[in-house]
Amino acid sequence: MTNRLRAAPRTARPLLVAALVLTLLAGGFAVWGGWAWYAAAHDDTAAYAGQRDAALAAGEQAVQNLNTLDHRAVDRGLDLWESSTTGELHEQLAEGRKEFTAQVKSAKTVTTAKVLSAAVTELDDRAGRARVLVALRVTVKAPGAEKTDKDSRILGELTRTGGGWKLSALGQAPVGGTPAG
């Protein structure tokens, strides 16, 4: 009877040791996982990437907005232009709105734009400035004429405002051997 009592604790010990080792491993993994999550959540690289992505999305949309206009809804289109811009570009659009409206209504054109690709070329997160390069296809439909497509590359400068990133400058990107102006 004494041999039986001693045999039971010996078989239980390896199970107890295995359970203890597994518990320590699980605890260690939990600590490591928590530390890795905290480090990733507080990494400046992630915040910078978030700003880059926000600037890119806003730049793509703003360039598309400023290259899309329908003569049947000019006011709505120009409102969108103005809401996509800030600074001097915004002022230029607002000041020339009346004349531009008359021109578009007279020409009766419908212009649509589609972004083909885009990239952030510069980002100064602290200053709230970014530059984007956007490749886009602009389709123009005038009365009595076939649709025409034109591919172009646009350089845009963005400024971060209280309402997010907005275009503050816009121009054509040089093509091929054409020098930048």
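**Exercise 1.** Which helices and which strand do the buried residues of H3 pack against?

*Solution.* The structure is a predicted model, in which local features need pLDDT of at least 70 and side-chain atom pairs count only at pLDDT 80 or more, while totals for chains, interfaces and linings use all residues. Residues are numbered from 1 along each chain as its sequence is written, and side-chain values use heavy atoms, with hydrogens and water left out.

Step 1: find the elements, remembering that helices (H or I, at least four residues) and strands (E, at least two) are DSSP runs numbered from the N terminus. Step 2: list the buried residues, where buried means under 20% relative accessible area, exposed over 50% and partly exposed in between (1.4 Å probe, protein chains only); in helix H3, residues 74-83, they are Val74, Gly77, Leu78, Trp81 and Glu82. These residues lie on the same side of H3, because they cover an arc of only 140° around the axis, the arc being that of the directions from the helix axis to the C-beta atoms. Step 3: look for contacts, that is, heavy atoms within 4.5 Å; the buried residues of H3 pack against helix H2 (44-65), strand S1 (69-70), helix H4 (87-95) and helix H5 (97-107).

**Exercise 2.** Describe the buried and the exposed residues of H5.

*Solution.* Step 1: the buried residues of H5 are Arg97, Thr101 and Val104, and they line one face of the helix, since they fall within an arc of 70° when seen down its axis. Step 2: on the other side of H5, Lys98, Gln103 and Ser106 are exposed. Step 3: the cover over the buried residues of H5 includes S1, H3 and H4. Step 4: after H5 comes Lys108, which has a positive phi, near 55°.

**Exercise 3.** Find the aromatic pairs and say how the rings in each are arranged.

*Solution.* Step 1: apply the rule that rings of Phe, Tyr and Trp (its six-membered ring) pair if their centres lie within 6.5 Å, with planes under 30 degrees apart counted as stacked, over 60 as edge-to-face and the rest as tilted; the count comes to 2 aromatic pairs. Step 2: Phe29 and Trp32 have ring centres 5.8 Å apart and planes at 35°, so this pair is tilted. Phe29 and Trp32 are 3 residues apart in helix H1 (residues 2-41), and are therefore separated by about one helical turn; both are exposed. Step 3: Trp81 and Phe100 also form a tilted pair, at 5.3 Å centre to centre with 40° between the planes. Because Trp81 lies in helix H3 and Phe100 in helix H5, this pair ties together parts that are 19 residues apart in sequence. Step 4: Trp81 is buried, with a relative accessible area of 10%, whereas Phe100, at 29% relative accessibility, counts as partly exposed.
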